[in-house]
Amino acid sequence: MNDHDSERISGLLETDGLVPVQDEDDADIVVLNTCCIRENADNKLYGNLGMLKRWKDAREGRQIVVSGCLAQKDRDIVRDRAPWVDVVMGTHNVHRAAELVEQARTSGPVTEILQEAVLDDHAMFPSALPAKRVNSYDAWVTIQIGCDNSCAFCIVPTVRGAEISRPYEDIVNEVQLLVSQGVTEVTLLGQNVNSYGRDLQLDRRRSGESVSAAPRFSELLREVGSIEGLRRLRFVSPHPKDMRPETFATMAEVSSVCEHLHYPLQSGSDRMLAMMHRGYSARRYLEKIVEARGLIADLAISTDIIVGFPGETEADFQQTLEVSAAAEYDYAYTYMFSPREGTEAARMTDLFVDSAVIADRYARLRVVVEHSAVLKHEARIGRIEDVLIEGPSRRNPVVYQARTRQNKVVHFTPTEPIRTGSYGLVEITSAAPHHLRGVLVEVTADPSHKVRIPVASL
Ligand code: SF4
């Protein structure tokens, strides 16, 4: 969500006449779009702002913008510690980025933080804004903002506000437009995507309309997935407590919906899940995985797990190991608990787990999740995978990176350059915990997005 906000801020500033530069010495404006979910986000921000003061003083007219959820949470601290910042704006003010920059230029430093999104202000819906997308062949599309849950470790509801679903037609129209521009892969984005439409249902109930007419996530998935020309549809992140059978059925029936489910576990202990306010039990979670795998052929499942949540005992942790082994994940994002200021978990100081214990548990969990990842990857050796080619890898440009429908990274070395955004078939030859290696069989489709060819002035 933070990356997509950056795309929108870039898009707004470019629409306002600015051009991106590679080197900050050439820049007139630097935007730091912060994310307080990141570890040490505040230390990094203030370190960068210290360096940027010298950058700003070196040339008159330069401006610094601090946006994102850390700005939302700590606006006064940002102002106190870095009074040379020109614009401090929150997560609900992204649509005003260009205006705030201009306001600061003419009238001096400005701080604008809205606590909640304004429901009837369509301009506020992130994807309604121009976006400078990183790639031309895939795109994130926001379907909701905010979150109505209250997971004890999470700062999102505080900094992104209540859950608001974007109007159904806006989403469908945006995806149609993107596909007409050559985008072939779309990821529907939200804090809790599978509760999409719940607030719309409540609105209808309050106004006396038929609730059954309100859209659900599975319907959205089906309609967007049926748009002609869209080859791949993904979504992040669903919440296990809101997962409905219709969503699995739609994943199974709509061919563009990729065979990948990111399914955050967080803990395998019911006691921990209750303390985290997650709203499901480990047994229910595993039952849903069985149901999904039974319906959707060749489904890959990934997850998020926190180790060392306050009060976690060795017995709780053992349950996390057991559930992780039973779930047979394709890959897992694992985190050592660290408190985020402003969350319920950060106040549980008397229950904090010793950091050495957390590190030990983390290492043991990695063994379990990497074991299943390797097994899953090894099972793909010899298969021919349909991949989206993302281009030369950053470390070694001779090696290309591609992605399967199961969201697995594949490395291969083509004999001649291939255009980024093409599709191809790759035979898998070997496996590692975090990627596969293979041999290109053939390129099956060229990208359909337009490529800008720079014209040299004569
Ligand atoms: S559902 Fe996700 S975004 Fe919402 S509070 Fe829980 S972890 Fe945070």
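How many helices and strands does the secondary structure of the chain come to? It comes to 14 helices and 17 strands. Helices (H or I, at least four residues) and strands (E, at least two) are DSSP runs, numbered from the N terminus.

This is a predicted model: local features need pLDDT of at least 70, side-chain atom pairs count only at pLDDT 80 or more, and totals for chains, interfaces and linings use all residues. Residues are numbered from 1 along each chain as its sequence is written.

View 1. Along the principal axes, the C-alpha atoms fill a box of roughly 65 × 60 × 55 Å. The domain assignment gives domain 1 (2-112), domain 2 (122-378) and domain 3 (384-445). Such bounds come from an automatic or database domain assignment. Between the C-alpha centres of domain 1 and domain 3 there are 37 Å.

**View 2. Two spans from the UniProt record.** An unreviewed UniProt entry lists residues 1-106 as "domain: MTTase N-terminal". This span, residues 1-106, is 50% helix and 14% strand, and its end C-alpha atoms lie 31 Å apart. The unreviewed entry also lists residues 378-442 as "domain: TRAM". UniProt positions are given in the numbering used here, feature names are shortened, and annotations may be inferred rather than shown by experiment.

View 3. Buried residues make up 41% of the 458 residues in the chain. A residue is buried if 20 or more other C-beta atoms, placed from the backbone, lie within 10 Å of its own; it is exposed if 12 or fewer do, and partly exposed in between. A nonpolar core is a set of buried Ala, Val, Leu, Ile, Met, Phe, Trp, Tyr and Cys residues joined through C-beta atoms within 7 Å. The largest core has 83 residues, and Val66, Ala97, Val141, Ile143, Val186 and Leu188 touch the most other members. Domain 1 (2-112) and domain 2 (122-378) both give residues to this core, so it lies between them. Another core lies apart from it, with 13 residues, including Ile389, Phe412, Tyr423 and Leu440.

**View 4. Around the ligand.** Cys147, Asn149, Cys151, Cys154, Val156, Pro157, Gln191, Asn192 and His239 surround the ligand. A residue is near a molecule if its C-beta atom, placed from the backbone, lies within 6 Å of it. The shell divides into 5 nonpolar, 4 polar and no charged residues. Ala, Val, Leu, Ile, Met, Phe, Trp, Tyr, Cys and Pro count as nonpolar, Asp, Glu, Lys and Arg as charged, and the others, Gly among them, as polar.

**View 5. Glu163 in its loop.** Glu163 sits in the loop between α6 (156-160) and β7 (164-165). Glu163 counts as buried because it has 20 C-beta neighbours inside 10 Å.

View 6. Most residues other than glycine have a negative phi, and most peptide bonds are trans. The bond from Val236 to Ser237 is cis, with omega near -15°. Ser237 lies in the loop between β9 (232-236) and α10 (245-253). His277, not a glycine, has a positive phi near 65°. Its loop runs between α11 (270-276) and α12 (282-295). Asp298 also is not a glycine, yet its phi is positive, about 55°. Asp298 is in the loop between α12 and β11 (300-307). Asp298 is exposed, with 12 other C-beta atoms within 10 Å.
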